[in-house]
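Try each task on your own before reading its solution.

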Amino acid sequence: MKTINLLGSTGSIGVQALDVTRARGYKIEALAAFSDVEKIEQQIREFKPQYAALVDEKAAADLKIRVKDTSTKVLSGVEGVTACGAEAKGEITLNSVVGMAGLGPTLAAIEAGKTIALANKETLVAGGRLVTDAAKKKNVSILPVDSEHSAIFQCLLGSPSNKALKRIILTASGGPFFGKTKEELSNVTLKDALKHPSWSMGQKITIDSATMFNKGLELIEAVWLFSVSPDMIDIVVHRESIVHSLIEYDDNSVIAQLGHPDMRLPIQFALTYPERYESPEKQLDLWEVGNLTFYKPDYENFPCMDICKNAIKSGGLMPAAVNCANEEANLLFRQDKISFNDIPRLIIEASEKLQNKEDYVLQDVYDTDIFMRETVRELAHC
Ligand code: NDP
Ligand code: MG
(Lines give C-alpha, C1' and ligand atoms only; values in the text may rest on other atoms or scores of the structure.)
(Ligands and ions follow the chains in the order given, each with its own letter.)
Protein backbone atom coordinates (compact mmCIF):
# COMPACT_ATOMS: atom_id res chain seq x y z
CA MET A 1 0.00 0.00 0.00
CA LYS A 2 1.36 3.42 -0.95
CA THR A 3 1.22 6.41 1.37
CA ILE A 4 0.61 9.90 0.01
CA ASN A 5 0.89 13.53 1.08
CA LEU A 6 -1.53 15.51 -1.08
CA LEU A 7 -1.02 19.26 -1.58
CA GLY A 8 -3.87 21.11 -3.30
CA SER A 9 -6.37 18.44 -2.20
CA THR A 10 -9.50 20.58 -2.70
CA GLY A 11 -8.78 21.43 -6.35
CA SER A 12 -9.64 19.70 -9.61
CA ILE A 13 -6.54 17.45 -9.59
CA GLY A 14 -6.64 17.03 -5.80
CA VAL A 15 -10.21 15.67 -5.81
CA GLN A 16 -9.42 13.31 -8.71
CA ALA A 17 -6.28 12.16 -6.89
CA LEU A 18 -8.49 11.25 -3.93
CA ASP A 19 -10.79 9.28 -6.29
CA VAL A 20 -7.74 7.28 -7.39
CA THR A 21 -6.52 6.88 -3.80
CA ARG A 22 -9.94 5.66 -2.68
CA ALA A 23 -10.16 3.14 -5.54
CA ARG A 24 -6.66 1.79 -4.87
CA GLY A 25 -7.00 1.76 -1.09
CA TYR A 26 -3.91 3.93 -0.61
CA LYS A 27 -3.30 5.83 2.62
CA ILE A 28 -3.41 9.64 2.75
CA GLU A 29 -1.00 11.01 5.36
CA ALA A 30 -1.52 14.74 4.73
CA LEU A 31 -4.00 17.05 3.02
CA ALA A 32 -3.31 20.71 2.26
CA ALA A 33 -5.14 23.54 0.49
CA PHE A 34 -5.56 27.30 0.56
CA SER A 35 -8.84 28.07 2.35
CA ASP A 36 -11.64 25.63 1.43
CA VAL A 37 -12.60 24.58 4.98
CA GLU A 38 -15.71 22.63 4.09
CA LYS A 39 -14.13 20.45 1.45
CA ILE A 40 -11.00 19.69 3.45
CA GLU A 41 -13.11 18.85 6.53
CA GLN A 42 -14.99 16.21 4.49
CA GLN A 43 -11.68 14.89 3.16
CA ILE A 44 -10.20 14.69 6.69
CA ARG A 45 -13.23 12.73 7.91
CA GLU A 46 -12.94 10.25 5.05
CA PHE A 47 -9.17 9.82 4.75
CA LYS A 48 -8.07 10.43 8.38
CA PRO A 49 -4.66 11.93 7.60
CA GLN A 50 -1.92 12.55 10.15
CA TYR A 51 -1.76 16.27 9.16
CA ALA A 52 -3.94 18.81 7.36
CA ALA A 53 -3.10 22.42 6.53
CA LEU A 54 -4.71 25.54 5.13
CA VAL A 55 -2.61 28.54 4.07
CA ASP A 56 -5.27 30.99 5.24
CA GLU A 57 -4.81 31.43 9.02
CA LYS A 58 -8.48 32.18 9.76
CA ALA A 59 -9.68 29.21 7.76
CA ALA A 60 -7.11 27.00 9.50
CA ALA A 61 -8.31 28.18 12.94
CA ASP A 62 -11.89 27.34 11.90
CA LEU A 63 -10.78 23.92 10.64
CA LYS A 64 -9.02 23.17 13.93
CA ILE A 65 -12.31 23.64 15.79
CA ARG A 66 -14.33 21.66 13.24
CA VAL A 67 -12.10 18.57 13.38
CA LYS A 68 -11.13 18.62 17.05
CA ASP A 69 -12.90 15.26 17.50
CA THR A 70 -10.46 13.63 15.03
CA SER A 71 -6.79 12.72 15.46
CA THR A 72 -5.68 14.93 12.51
CA LYS A 73 -3.25 17.68 13.49
CA VAL A 74 -4.20 20.99 11.80
CA LEU A 75 -1.39 23.29 10.63
CA SER A 76 -1.56 26.72 9.01
CA GLY A 77 0.23 29.07 6.65
CA VAL A 78 2.75 28.31 3.95
CA GLU A 79 4.85 26.49 6.60
CA GLY A 80 1.90 24.22 7.36
CA VAL A 81 1.51 23.25 3.69
CA THR A 82 5.27 22.74 3.41
CA ALA A 83 5.25 20.48 6.49
CA CYS A 84 2.40 18.44 4.98
CA GLY A 85 4.55 17.71 1.93
CA ALA A 86 7.86 17.17 3.72
CA GLU A 87 7.27 16.04 7.30
CA ALA A 88 4.14 13.93 7.00
CA LYS A 89 4.73 10.19 6.62
CA GLY A 90 3.66 9.78 2.95
CA GLU A 91 6.33 8.24 0.72
CA ILE A 92 4.93 10.19 -2.29
CA THR A 93 4.12 13.89 -2.22
CA LEU A 94 1.59 14.74 -4.93
CA ASN A 95 1.76 18.47 -5.55
CA SER A 96 -1.41 19.80 -7.19
CA VAL A 97 -1.25 23.31 -5.78
CA VAL A 98 -1.92 25.94 -8.44
CA GLY A 99 0.78 28.49 -9.28
CA MET A 100 4.36 29.01 -8.18
CA ALA A 101 3.22 28.85 -4.54
CA GLY A 102 3.96 25.16 -5.07
CA LEU A 103 7.70 25.71 -5.55
CA GLY A 104 8.75 25.94 -1.87
CA PRO A 105 6.74 22.86 -0.81
CA THR A 106 8.15 20.87 -3.77
CA LEU A 107 11.73 21.75 -2.82
CA ALA A 108 11.09 20.88 0.85
CA ALA A 109 9.54 17.53 -0.11
CA ILE A 110 12.56 16.73 -2.31
CA GLU A 111 14.87 17.68 0.54
CA ALA A 112 12.93 15.23 2.77
CA GLY A 113 13.51 12.48 0.15
CA LYS A 114 9.87 12.10 -0.95
CA THR A 115 9.04 10.82 -4.43
CA ILE A 116 7.36 13.74 -6.21
CA ALA A 117 4.21 13.30 -8.31
CA LEU A 118 4.03 16.68 -9.98
CA ALA A 119 0.90 18.31 -11.37
CA ASN A 120 2.04 21.80 -10.34
CA LYS A 121 3.87 22.69 -13.57
CA GLU A 122 4.62 26.25 -12.39
CA THR A 123 7.12 24.66 -9.95
CA LEU A 124 9.31 23.47 -12.82
CA VAL A 125 8.82 26.62 -14.87
CA ALA A 126 9.73 29.04 -12.07
CA GLY A 127 12.50 27.00 -10.47
CA GLY A 128 13.46 24.37 -13.05
CA ARG A 129 17.17 24.22 -12.34
CA LEU A 130 16.72 24.44 -8.55
CA VAL A 131 14.19 21.60 -8.57
CA THR A 132 16.05 19.28 -10.95
CA ASP A 133 19.41 19.86 -9.21
CA ALA A 134 17.87 19.14 -5.80
CA ALA A 135 16.14 16.00 -7.10
CA LYS A 136 19.39 14.74 -8.61
CA LYS A 137 21.30 15.42 -5.40
CA LYS A 138 18.72 13.62 -3.28
CA ASN A 139 18.17 10.86 -5.86
CA VAL A 140 14.46 11.63 -5.85
CA SER A 141 12.15 10.85 -8.80
CA ILE A 142 9.83 13.48 -10.25
CA LEU A 143 6.91 11.66 -11.83
CA PRO A 144 4.76 13.75 -14.19
CA VAL A 145 1.02 14.08 -13.64
CA ASP A 146 0.40 16.55 -16.48
CA SER A 147 -1.22 14.39 -19.19
CA GLU A 148 1.23 15.32 -21.99
CA HIS A 149 4.27 14.66 -19.81
CA SER A 150 2.83 11.45 -18.48
CA ALA A 151 2.35 10.43 -22.14
CA ILE A 152 5.98 11.25 -23.00
CA PHE A 153 7.16 9.47 -19.85
CA GLN A 154 5.15 6.39 -20.85
CA CYS A 155 6.44 6.52 -24.45
CA LEU A 156 10.02 6.64 -23.16
CA LEU A 157 9.62 3.63 -20.87
CA GLY A 158 10.81 1.17 -23.48
CA SER A 159 14.00 3.11 -24.04
CA PRO A 160 16.91 2.52 -21.65
CA SER A 161 18.36 5.97 -22.43
CA ASN A 162 17.09 9.06 -24.21
CA LYS A 163 20.10 8.99 -26.53
CA ALA A 164 18.14 8.31 -29.72
CA LEU A 165 15.32 10.73 -28.85
CA LYS A 166 15.04 13.28 -31.65
CA ARG A 167 11.84 15.17 -30.97
CA ILE A 168 9.02 15.55 -28.50
CA ILE A 169 5.62 16.44 -29.95
CA LEU A 170 3.29 18.01 -27.42
CA THR A 171 -0.37 17.86 -28.35
CA ALA A 172 -2.67 20.80 -27.55
CA SER A 173 -6.46 20.89 -27.69
CA GLY A 174 -6.24 24.46 -28.99
CA GLY A 175 -8.64 25.62 -26.27
CA PRO A 176 -12.03 27.29 -26.79
CA PHE A 177 -10.70 29.93 -29.21
CA PHE A 178 -8.99 27.75 -31.80
CA GLY A 179 -9.29 29.42 -35.23
CA LYS A 180 -10.09 32.90 -33.90
CA THR A 181 -8.30 36.02 -35.15
CA LYS A 182 -6.73 38.65 -32.89
CA GLU A 183 -9.67 40.91 -33.70
CA GLU A 184 -12.18 38.27 -32.59
CA LEU A 185 -10.09 37.51 -29.49
CA SER A 186 -10.26 41.14 -28.37
CA ASN A 187 -13.97 40.71 -27.57
CA VAL A 188 -14.02 37.33 -25.81
CA THR A 189 -15.39 37.16 -22.26
CA LEU A 190 -14.34 35.24 -19.16
CA LYS A 191 -17.37 32.99 -19.62
CA ASP A 192 -16.26 32.13 -23.18
CA ALA A 193 -12.69 31.51 -21.99
CA LEU A 194 -13.84 29.11 -19.27
CA LYS A 195 -15.59 26.80 -21.79
CA HIS A 196 -12.80 24.31 -22.44
CA PRO A 197 -13.64 21.87 -25.26
CA SER A 198 -12.26 18.68 -23.71
CA TRP A 199 -10.97 19.03 -20.13
CA SER A 200 -12.70 20.13 -16.91
CA MET A 201 -10.02 21.90 -14.82
CA GLY A 202 -9.40 24.71 -12.30
CA GLN A 203 -9.98 28.28 -13.53
CA LYS A 204 -6.34 29.36 -13.79
CA ILE A 205 -5.25 26.51 -16.07
CA THR A 206 -8.47 26.82 -18.10
CA ILE A 207 -7.59 30.45 -18.92
CA ASP A 208 -3.98 29.37 -19.61
CA SER A 209 -5.40 26.85 -22.09
CA ALA A 210 -7.44 29.55 -23.81
CA THR A 211 -4.35 31.79 -24.26
CA MET A 212 -2.14 28.73 -25.05
CA PHE A 213 0.21 29.89 -22.27
CA ASN A 214 -0.45 26.45 -20.81
CA LYS A 215 1.29 24.84 -23.79
CA GLY A 216 4.21 27.24 -23.32
CA LEU A 217 4.44 26.22 -19.66
CA GLU A 218 4.35 22.59 -20.76
CA LEU A 219 7.17 23.14 -23.22
CA ILE A 220 9.37 24.46 -20.38
CA GLU A 221 8.16 21.64 -18.11
CA ALA A 222 9.25 19.12 -20.77
CA VAL A 223 12.70 20.75 -21.09
CA TRP A 224 13.34 20.13 -17.39
CA LEU A 225 11.63 16.76 -17.00
CA PHE A 226 13.25 15.11 -20.02
CA SER A 227 16.54 17.10 -20.27
CA VAL A 228 15.92 18.19 -23.87
CA SER A 229 16.58 21.49 -25.62
CA PRO A 230 13.57 23.73 -26.40
CA ASP A 231 14.18 23.27 -30.14
CA MET A 232 13.55 19.54 -29.78
CA ILE A 233 9.94 20.23 -28.82
CA ASP A 234 7.15 20.80 -31.32
CA ILE A 235 3.50 21.57 -30.63
CA VAL A 236 0.61 20.18 -32.66
CA VAL A 237 -3.04 21.10 -32.21
CA HIS A 238 -5.16 17.99 -31.81
CA ARG A 239 -8.78 18.91 -31.09
CA GLU A 240 -9.94 15.47 -29.95
CA SER A 241 -7.45 15.26 -27.01
CA ILE A 242 -7.04 11.51 -27.57
CA VAL A 243 -3.32 11.47 -28.46
CA HIS A 244 -1.76 12.89 -25.29
CA SER A 245 1.71 13.46 -26.83
CA LEU A 246 4.32 11.73 -28.99
CA ILE A 247 8.05 11.16 -29.21
CA GLU A 248 10.19 10.66 -32.30
CA TYR A 249 13.43 8.69 -32.42
CA ASP A 250 16.46 9.20 -34.70
CA ASP A 251 15.08 6.60 -37.13
CA ASN A 252 11.85 8.66 -37.48
CA SER A 253 9.82 6.11 -35.57
CA VAL A 254 7.08 7.98 -33.70
CA ILE A 255 5.51 6.61 -30.50
CA ALA A 256 2.31 8.02 -29.02
CA GLN A 257 0.18 7.45 -25.93
CA LEU A 258 -3.59 7.52 -26.44
CA GLY A 259 -6.64 7.53 -24.22
CA HIS A 260 -9.78 9.48 -23.43
CA PRO A 261 -9.16 12.84 -21.75
CA ASP A 262 -9.41 11.80 -18.08
CA MET A 263 -6.78 13.08 -15.62
CA ARG A 264 -7.36 10.11 -13.33
CA LEU A 265 -5.19 7.97 -15.64
CA PRO A 266 -1.99 10.09 -15.46
CA ILE A 267 -2.62 10.70 -11.74
CA GLN A 268 -2.97 6.95 -11.15
CA PHE A 269 0.11 6.08 -13.19
CA ALA A 270 2.23 8.56 -11.20
CA LEU A 271 0.97 6.95 -7.97
CA THR A 272 1.22 3.29 -9.02
CA TYR A 273 4.41 3.57 -11.12
CA PRO A 274 6.05 1.28 -12.14
CA GLU A 275 2.96 -0.93 -11.87
CA ARG A 276 -0.28 -0.60 -13.86
CA TYR A 277 -3.75 -1.47 -12.61
CA GLU A 278 -7.35 -1.13 -13.75
CA SER A 279 -8.41 2.49 -13.88
CA PRO A 280 -11.65 4.49 -14.23
CA GLU A 281 -10.46 5.60 -17.70
CA LYS A 282 -13.00 4.53 -20.36
CA GLN A 283 -11.59 1.96 -22.77
CA LEU A 284 -10.57 3.53 -26.09
CA ASP A 285 -12.70 2.40 -29.01
CA LEU A 286 -11.00 3.69 -32.15
CA TRP A 287 -14.04 2.82 -34.31
CA GLU A 288 -16.11 5.09 -32.10
CA VAL A 289 -13.47 7.86 -32.13
CA GLY A 290 -13.24 7.67 -35.94
CA ASN A 291 -11.07 10.62 -36.92
CA LEU A 292 -8.03 12.11 -35.26
CA THR A 293 -7.04 15.54 -36.63
CA PHE A 294 -3.82 17.55 -36.34
CA TYR A 295 -3.11 21.22 -37.11
CA LYS A 296 -0.23 23.64 -36.91
CA PRO A 297 -0.64 26.04 -33.95
CA ASP A 298 -1.46 29.67 -34.70
CA TYR A 299 1.65 31.36 -33.28
CA GLU A 300 0.60 34.81 -34.48
CA ASN A 301 -2.75 35.16 -32.77
CA PHE A 302 -1.64 33.08 -29.75
CA PRO A 303 1.83 34.49 -28.95
CA CYS A 304 2.09 32.87 -25.48
CA MET A 305 3.73 29.70 -26.81
CA ASP A 306 6.62 31.73 -28.26
CA ILE A 307 6.82 33.90 -25.13
CA CYS A 308 7.58 30.74 -23.14
CA LYS A 309 9.92 29.23 -25.73
CA ASN A 310 11.94 32.46 -25.90
CA ALA A 311 12.00 32.64 -22.08
CA ILE A 312 13.51 29.18 -21.64
CA LYS A 313 16.03 29.94 -24.40
CA SER A 314 17.02 33.16 -22.57
CA GLY A 315 17.42 31.09 -19.41
CA GLY A 316 18.16 32.34 -15.89
CA LEU A 317 15.17 33.98 -14.27
CA MET A 318 13.26 34.64 -17.50
CA PRO A 319 11.02 31.53 -17.34
CA ALA A 320 10.11 32.45 -13.74
CA ALA A 321 9.45 36.02 -14.86
CA VAL A 322 7.04 35.16 -17.67
CA ASN A 323 5.31 32.61 -15.43
CA CYS A 324 4.78 35.16 -12.64
CA ALA A 325 3.66 37.85 -15.10
CA ASN A 326 1.18 35.36 -16.52
CA GLU A 327 -0.11 34.40 -13.05
CA GLU A 328 -0.90 38.07 -12.40
CA ALA A 329 -2.32 38.80 -15.88
CA ASN A 330 -4.43 35.62 -15.75
CA LEU A 331 -5.83 36.78 -12.37
CA LEU A 332 -6.57 40.30 -13.65
CA PHE A 333 -8.45 38.80 -16.61
CA ARG A 334 -10.48 36.60 -14.24
CA GLN A 335 -11.26 39.73 -12.20
CA ASP A 336 -12.51 41.39 -15.40
CA LYS A 337 -9.85 44.14 -15.14
CA ILE A 338 -8.10 43.50 -18.46
CA SER A 339 -9.07 42.07 -21.84
CA PHE A 340 -7.96 38.73 -23.29
CA ASN A 341 -5.32 40.16 -25.64
CA ASP A 342 -3.89 42.23 -22.75
CA ILE A 343 -2.57 38.99 -21.22
CA PRO A 344 0.28 38.37 -23.73
CA ARG A 345 0.89 42.11 -24.18
CA LEU A 346 1.40 42.63 -20.43
CA ILE A 347 3.65 39.57 -20.11
CA ILE A 348 5.88 40.79 -22.95
CA GLU A 349 6.03 44.39 -21.70
CA ALA A 350 6.69 43.36 -18.08
CA SER A 351 9.38 40.82 -18.96
CA GLU A 352 11.26 43.50 -20.93
CA LYS A 353 11.78 45.27 -17.60
CA LEU A 354 13.45 42.27 -15.90
CA GLN A 355 17.17 42.44 -15.11
CA ASN A 356 17.86 38.80 -15.89
CA LYS A 357 20.66 36.82 -14.31
CA GLU A 358 22.00 33.44 -15.31
CA ASP A 359 22.81 32.03 -11.85
CA TYR A 360 20.05 32.39 -9.32
CA VAL A 361 18.97 31.16 -5.91
CA LEU A 362 15.47 30.60 -4.55
CA GLN A 363 15.21 34.12 -3.11
CA ASP A 364 15.83 35.56 -6.62
CA VAL A 365 12.79 33.63 -7.87
CA TYR A 366 10.62 35.05 -5.05
CA ASP A 367 11.94 38.60 -5.72
CA THR A 368 11.19 38.14 -9.43
CA ASP A 369 7.66 37.04 -8.53
CA ILE A 370 7.00 40.25 -6.56
CA PHE A 371 8.64 42.47 -9.21
CA MET A 372 6.75 40.92 -12.15
CA ARG A 373 3.37 41.02 -10.41
CA GLU A 374 3.84 44.69 -9.46
CA THR A 375 5.04 45.55 -12.98
CA VAL A 376 2.05 43.84 -14.61
CA ARG A 377 -0.37 45.69 -12.29
CA GLU A 378 1.35 49.02 -13.01
CA LEU A 379 1.27 48.46 -16.77
CA ALA A 380 -2.41 47.49 -16.53
CA HIS A 381 -3.17 50.56 -14.34
CA CYS A 382 -4.66 48.26 -11.68
P1 NDP B 1 -7.52 24.24 -8.80
O2 NDP B 1 -7.64 25.71 -8.82
O3 NDP B 1 -8.73 23.42 -9.09
O4 NDP B 1 -6.97 23.78 -7.36
C5 NDP B 1 -5.88 24.39 -6.77
C6 NDP B 1 -5.58 23.78 -5.42
O7 NDP B 1 -4.47 24.47 -4.84
C8 NDP B 1 -6.74 23.93 -4.42
O9 NDP B 1 -6.69 22.86 -3.52
C10 NDP B 1 -6.39 25.25 -3.70
O11 NDP B 1 -6.97 25.35 -2.40
C12 NDP B 1 -4.87 25.08 -3.60
N13 NDP B 1 -4.14 26.34 -3.49
C14 NDP B 1 -4.35 27.50 -4.15
N15 NDP B 1 -3.43 28.41 -3.82
C16 NDP B 1 -2.61 27.82 -2.93
C17 NDP B 1 -1.47 28.24 -2.19
N18 NDP B 1 -1.00 29.48 -2.30
N19 NDP B 1 -0.86 27.37 -1.36
C20 NDP B 1 -1.36 26.10 -1.23
N21 NDP B 1 -2.44 25.65 -1.87
C22 NDP B 1 -3.05 26.49 -2.71
O23 NDP B 1 -6.33 23.86 -9.79
P24 NDP B 1 -6.12 22.52 -10.64
O25 NDP B 1 -6.36 21.34 -9.80
O26 NDP B 1 -6.83 22.65 -11.94
O27 NDP B 1 -4.58 22.63 -11.00
C28 NDP B 1 -3.57 22.38 -10.03
C29 NDP B 1 -2.22 22.28 -10.73
O30 NDP B 1 -2.23 21.16 -11.61
C31 NDP B 1 -1.89 23.51 -11.61
O32 NDP B 1 -0.51 23.74 -11.57
C33 NDP B 1 -2.29 23.06 -13.01
O34 NDP B 1 -1.55 23.71 -14.01
C35 NDP B 1 -1.93 21.57 -12.94
N36 NDP B 1 -2.69 20.73 -13.87
C37 NDP B 1 -4.05 20.66 -13.78
C38 NDP B 1 -4.78 19.89 -14.66
C39 NDP B 1 -6.27 19.75 -14.51
O40 NDP B 1 -6.86 18.93 -15.22
N41 NDP B 1 -6.92 20.46 -13.62
C42 NDP B 1 -4.11 19.14 -15.74
C43 NDP B 1 -2.67 19.25 -15.71
C44 NDP B 1 -1.99 20.02 -14.82
P45 NDP B 1 -8.43 26.07 -2.18
O46 NDP B 1 -9.41 25.15 -2.86
O47 NDP B 1 -8.60 26.11 -0.73
O48 NDP B 1 -8.35 27.41 -2.84
MG1 MG C 1 -1.39 19.31 -19.82
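**Exercise 1.** By class, how many nonpolar, polar and charged residues does the shell around ligand 1 have?

*Solution.* Before counting, note that this is a predicted model, where local features need pLDDT of at least 70, side-chain atom pairs count only at pLDDT 80 or more, and totals for chains, interfaces and linings use all residues. Residues are numbered from 1 along each chain as its sequence is written, chains are lettered from A and ligands numbered from 1 in the order in which they are written, and side-chain values use heavy atoms, with hydrogens and water left out.

Step 1: collect the residues near the ligand (those with a heavy atom within 4 Å of it). Ligand 1 is surrounded by 24 residues, and T10, S12, S35, D36 and E122 are the closest.

Step 2: sort them. Ala, Val, Leu, Ile, Met, Phe, Trp, Tyr, Cys and Pro count as nonpolar, Asp, Glu, Lys and Arg as charged, and the others, Gly among them, as polar. The shell comes out as eleven nonpolar, nine polar and four charged residues.

**Exercise 2.** How far is a polar backbone atom of A119 from an oxygen atom of ligand 1?

*Solution.* Step 1: look for polar contacts, pairs of N or O atoms within 3.5 Å. For G11, a backbone N or O atom is 3.1 Å from a ligand oxygen; for V98 the distance is 3.5 Å, and for A119 it is 3.4 Å.

Step 1: check the cover. Ligand 1 exposes 910 Å² when taken alone, and the protein buries 85% of that (Shrake-Rupley method, 1.4 Å probe).

**Exercise 3.** Where does P274 lie, and where is M212?

*Solution.* Step 1: follow the chain to the loop between α12 (264-272) and α13 (286-289), where P274 lies. The peptide bond that joins Y273 to P274 is cis, with omega near 5°.

Step 1: go to the loop between α10 (203-211) and α11, the place of M212. Phi of M212 is positive, near 75°, in a residue other than glycine.

Key. A polar contact is a pair of N or O atoms within 3.5 Å; within protein, one must be able to donate a hydrogen and the other to accept it, and residues adjacent in sequence count only if both atoms are side-chain atoms. Helices (H or I, at least four residues) and strands (E, at least two) are DSSP runs, numbered from the N terminus.
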